[in-house]
Amino acid sequence: MTYGTTDMTDNKAPAVEVRNLAKHYGDFVALKNVNVSIAAGEYFVLLGPSGGGKTTLLRTLGGFHKPTRGEILLHGRNVGHLPPDKRPTTMVFQAYALFPHMTVTQNVGYGLKVAGLSKARIAEKVDYALEQVGLTQFTHRKPHELSGGQQQRVQLARAIVLDRDILLLDEPLAALDAQLRKDMCLELKHLQEKVGITFIHVTHNQEEAMTVADRIALIANGDLVEYGRARDIYRAPQKSFTASFVGENNMLKGKVAQSNGASIVVDVAGAMLQVDKRDLDVSDGQEVTLSIRSECVSLDRANGSAAASDGLSMIGTYDESVYLGLTTSHLAHLPDGTEMVSRVIAGSDDTPPEAGAPVRLSWKPSDIRLHVE
Amino acid sequence: MNDYDNIWLHRLKWAYLLLVVLTLMTPVIYVMYVSFNANGFGANEYVFTLEWYGLIFSDELLIGALGWTVILALVVTVVAVPMALLSAKYYKAADNKLFPIFLLLSPLFVPPDILGSALLVFFKNLNLVFIWLGDQIGTSLFDSWFRLSFLTATIGLIIYTIPYSFVVILITMGRYRTEQTEAARACGANGWRAFWDIEFPQIRAGVFSACAFTVILVFNEYTRTSLLKGGFDTFTTVLISQMLNTGMSPQSYAMSAMVSFVAIAVIGSIILFTMLRAESLGRIARAKAEPVMS
Amino acid sequence: MADLSSHAVSGGHPVDADKAPWRAKLVPWVFRAPLIFMVMFFAIPMAMTVVFSVFERTMFWMEPGFTLFSYENFFFSARLTNFLSSMKYSLISVVICFVLGFPIAVFVRKSIPQVAQHRVVLLFILPFMVSEIIRVFALRPVLQRNGLVNSTLMELGLIDEPITALLYSHTGVVIGEVLSFLPFIVFSGFLAMEAVPKYIFEVCDDLGVGPWRRFKDVILPLAAPGIFAGSVFIFVNGLGVALLPNILGGAGAVNAGLIATQAITALDFPLAMAVSAIMMATLLSLLWIGHKLFDLTKILTPLS
């Protein structure tokens, strides 16, 4: 299977390579200095809060923004100067991007018509693409007669019918309701596996990101914070931002009390906590952040003799519990006021401690992570 | 209207609105009424006739003027509407919007006689400058460029009509989502193709309305045209100078009524057309499945 | 999939880097062309009125020089009195237009369904589309001694003698101005009311704010830029449309537009230019004051 790579491009080169990319709007810096490489055939997700620059990055790849500085190589070819229609990319937008005066068939066939294909060939390809996205009905309807999910399917078909190498998706599911979004996530993933081209998908929804992504990049404040496999981003975040954005992490601020050895000691609100140094460069007295995912924290009533200093637990004060269906979150706070959350599978009928009772929060050595920034 | 509002008060407000429209139209309607009277204005007896209209069409001066009017209206429309379209596109993309909007809308605020006089003196001087320039190089090629003529009248009327077209087109463009242009670009269409295939069909109504407006404005305009035209007359300039010199004759009633009929027919049909279209679109939309996003 | 992707569609094809770079450079200028045209044939001529106004008058034309004779001619003669009184009557027309027209804009925005609003406003385009001058001329038979208004009133027995003050008087000019410019206050009021969200009316009802307080404390401040723009339009046109006093006015009804056209007819071009320059100065200072007071760029929000 050849995925539309042309003679000019290098098949061994990554699908996307971004070097020192910056985008400024006057004084506003939308992208600072982004470097990233995306392999061909990968499902890559740009995840981050709104206004963080992920959409700017995607649109710059697509040719809708001119970079202020830096290079964009698609399959080894520098495309920084090319308009969208001259790039090997195509795009799926959040909403409103279907041509309202054309039927579904005409929408999907538009790119082929522009490329000058014969009518028969267009019809054949359009049918195939619509079949791929599971939309064989309604082909003679206009966009406003379709549901939101159907509209996004049409957009997908319109994009994949072009056989471009790279598909950019700008918050494609953001306008859909929660249940539909879940279904469409899986469909997107399967579609990408079927057509095999590179998908680059922007979202602010981490569940969506985890569902579809081979790899995730976190983008905030115009910076590419961190990128890696979805599992690693969740389980072993390198940066404290990642930990605070992905999953539900307890973030503890503290000072390094002892920095020698593979495991160091950090003073958090008077408790001495042990944490793996992970070859990070730390010195005594340095301010650091620790993260522990809420489902890894267990909460027990503290039995009289407080302050057990095993380095893997703290004493806090119980606040309340929040029942969330599948899980229950127990909220407590530390002596310095930091909120802690312990999340457990709901169902145990244990009565929670009363508010104000002392509780012990503990975890396994592998669950706590050190972040230095 | 609110559920608790007084229905009669609501109807009263509607009645007032329609009364105002009617009052605004009264002079025109009255002129139309008089124009069909064989005995003219102020007569005790009303006898229906088309005699006065017949007189217009047998008047060669008027028919000639009518010809000039049509040509002028067409030329101004063909130039001004694309200019307004380009300006609207420019305005949408511009970072500094104040300068273009000021330049494009301020002709609305300059009264006709002031704009006409300023342009008249400007063109006369420009003409002298061009003649002088020609003399310096030894050519008479530039001599008639800015002599008062069809060209100067066209320029004056373009300046007069551009604000209207600009606003009408801008308002229709407001409903257009730029994502669609981007989607077309992502489908491989170049800038022009994306505009022509995707954006234009959606703003077409605005562009056509702008054309109709421009034609009517040019047809109606007296002050600017009469100041800037050279040796030709338009229908309105003939009519008004007749009325200014000899007062209103039965024939001038017929001419006024005719101009009004044409304008009302054009605008009326546009209103009717947009209403019917909106109505039918609404009906289709209601009949079909409710879209999740709109 | 394989057979369908045998060749990529567009995208990814190499482009000739040197393919007509002049065309790429030309395109932005095509979009600027209308603005350049407006600068050349509108902004510059309007600015040049100041220059031409100080030229020396000759028998049939004018010649470069510097004299304030035209301004003297304007400010130290009956022209100034006429100009000032036309300002007064123009202001009266603005107030009447506002009182008659603005409630319509509020009513349309408040009580008519969104989809129908534009169509109702379109009704006011209808009279506006009939030549202004024909409408003004048509007022003569309506307002005349034996015209429509007088004969109707006499037939109804409301008056015994025809009212003669309706035409060839300042009243006539004001009536003409109101009938000519009323649609504009409806349009600008309609645009201005875009700044007043519909829920405001519900909030006011909820708080028990009466219609007058609602108008004074909420609608007026929010809609001020649009109302001001509409008022300036009417005011300046009342000063500048020569045909209104010419056709409907009597003795002493002379506005700036009429002074300018009379000067042109009398071949006193510098005077015409001085009047134009004074009008431009009036217009620009009004707009400037309005901008300082209300930030007129707000009117354009619905357009951008």
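A:R121, at 22% relative accessibility, counts as partly exposed, where partly exposed stands between buried, under 20% relative accessible area, and exposed, over 50%, with a 1.4 Å probe and protein chains only. Its partner is A:E124, and the two side chains meet in a salt bridge at 3.8 Å, N to O, a salt bridge being a side-chain nitrogen of Lys or Arg within 4 Å of a carboxyl oxygen of Asp or Glu. A:E124 is likewise partly exposed, at 40% relative accessibility. Because they are three residues apart in helix α3 (residues 119-132) of chain A, A:E124 and A:R121 are separated by about one helical turn; helices here are DSSP runs of H or I with at least four residues, strands are runs of E with at least two, and both are numbered from the N terminus.

Before I go on, please keep in mind that this is a predicted model, in which local features need pLDDT of at least 70 and side-chain atom pairs count only at pLDDT 80 or more, while totals for chains, interfaces and linings use all residues. Residues are numbered from 1 along each chain as its sequence is written, chains are lettered from A and ligands numbered from 1 in the order in which they are written, and side-chain values use heavy atoms, with hydrogens and water left out.

Which residue forms a salt bridge with A:D214? That residue is A:K189, and the closest N and O atoms are 3.0 Å apart. The pair links distant parts of the chain, 25 residues apart, with A:D214 in the loop between α6 (206-212) and β9 (215-220) of chain A and A:K189 in helix α5 (residues 178-195) of chain A. A:D214 is partly exposed at 32% relative accessibility, whereas A:K189, at 13%, counts as buried.

A further salt bridge in chain A joins the side chains of A:R293 and A:E295 at 2.8 Å, N to O. Here A:R293 is buried at 13% relative accessibility, and A:E295 is partly exposed with a relative accessible area of 32%. Both belong to a network of salt bridges that also links A:E248 and A:R343. Over all chains, the structure holds 26 salt bridges.

As for chain A as a whole, its secondary structure comes to eight helices and 20 strands, and 53% of its 373 residues count as buried.

Moving to chain C, C:S70 lies in helix α2 (residues 69-75) and is buried, with a relative accessible area of 4%. C:S70 and C:P270 are 200 residues apart in sequence, yet 6.2 Å apart in space, C-alpha to C-alpha.

Lastly, the surface of chain B: B:Y33, B:Y46, B:F48 and B:L50 form a nonpolar patch with about 440 Å² of accessible area together. Such patches are made of residues with over 30% relative accessible area and no salt bridge, nonpolar side chains (Val, Leu, Ile, Met, Phe, Trp, Tyr) being joined within 5 Å and like charges within 9 Å, and the areas come from the Shrake-Rupley method with a 1.4 Å probe, only the protein chains shown counting as cover for residues. B:Y46 sits in the loop between α1 (7-35) and α2 (51-58) of chain B, and at 33% relative accessibility B:Y46 counts as partly exposed.
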